[in-house]
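Here are a few friendly notes to read alongside the model.

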Amino acid sequence: MPVISAIVYLPDGRPWPGQLREAALDVLELRPAEVVLPEATVRDERGGRLFDGSTLMFEPAAGGGPLADAVADRQARAFGVTNTAFHVQRALRFASALLGHPLPHLLVRIGMHDQPRRWRGGHYRLPRASLTDEPAALSCAGEVHLGGGAGFVPAPGGSRYFLAPAHNAAIICHEVGHHLCRHTADFRLNRLRPPAQQTNLKVALDEGTADVLTAILLGTPDIYGWHRGAIAEWDPRRRKLQPRWTMAHFVGGRDQDPHADGTVWASACWSARERVVATGADPARFDAALLRGMDSAGADAAPLTKDALNERRHFSRLLSAITRADPELAPVVLTAMAEHGVRPGASNTALKDAARAELVGEVGR
């Protein structure tokens, strides 16, 4: 397996793209616009040749974009593939090392959904016949789609940076987190559905778990602090993982954004991880308990019923699985999570009601 040097962004905990550094990628094959890794394939879908020979040493060119010349845009696109490949490989190897087994091969497609307007987001997709805006064939194991970019964000030094998702480690890691959720906790029981009729509906646990995994990989709770830096930290759209988010902020229901509700779960997990570190334990113990808890939570023989799906939404269910994965850490984890209103043995609605009643009681005292 050849090891190829690449220039990538290494996160350093600050709200910016990261530090440009040379890193090593284990590569199976290098194609004109595609890097094939043992764990994943990362492809630019916009056409043209990006790679010649075996080099992956490209400059980010401030994200490229429609205002850049052809040379700069090609550099930015090539950098996007290699930067994405690095963070995908790192995330998947992190997960497989803690789980003790690999995840299914992941396909990442860059430059998707840029019509009728450019897109600066990302999503994780599984095949379903009703997906009219997706490619005709999707991998049954799941795919990450990243847009070609849109708009600008501040860059170090006061310049502007075209917001290309392939340059943003937070977006990349979050979407890989959904792949991990699908093949461990499986919150929507997709393993019981026909391979071409899976659901892409994300619940709060899915979004929140993807966010806390991103925080672990980036080493910061302010995971979206770069491209959402204009949003105040107290605004739920910032999705900064901090103690203020409790079950009193949880809304629930079909019309609620699962990202916002997921921030409650992600913040509770981050608090628990920090509390574990404060005891002198290695943070990797919490990381392992989280991932192994997800794995065990997805391994039960639940039938594909409405009741089973509703139960898999409950924060308390995954919390119990995490504590079983490392019983010695359980008291620390439970105490930290309880401060966010997350406790074992209750539905999300019951936890929300209890947290709001407690808040009303505190105001009344």
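1. Phe-162 is buried, with a relative accessible area of 2% (buried means under 20%, exposed over 50%, partly exposed in between; 1.4 Å probe, protein chains only). Phe-152, in contrast, is partly exposed at 34%.

2. A word on the basis: this is a predicted model, where local features need pLDDT of at least 70, side-chain atom pairs count only at pLDDT 80 or more, and totals for chains, interfaces and linings use all residues. Residues are numbered from 1 along each chain as its sequence is written, and side-chain values use heavy atoms, with hydrogens and water left out.

3. The whole structure has seven aromatic pairs (rings of Phe, Tyr and Trp, the last by its six-membered ring, with centres within 6.5 Å; planes under 30 degrees apart are stacked, over 60 edge-to-face, the rest tilted). One of them joins Phe-152 and Phe-162 edge-to-face, at 5.6 Å centre to centre and 65° between the planes. Phe-152 lies in strand β9 and Phe-162 in strand β10, so this pair ties together parts 10 residues apart in sequence (strands are DSSP runs of E, at least two residues, numbered from the N terminus).

4. Tyr-161 and Trp-226 are also edge-to-face, with ring centres 5.3 Å apart and planes at 80°. Tyr-161 is in β10 and Trp-226 in the loop between α3 and α4, so parts 65 residues apart in sequence are tied together.

How values were computed
Helix = DSSP H or I, 4+ residues; strand = E, 2+ residues; numbered from the N terminus.
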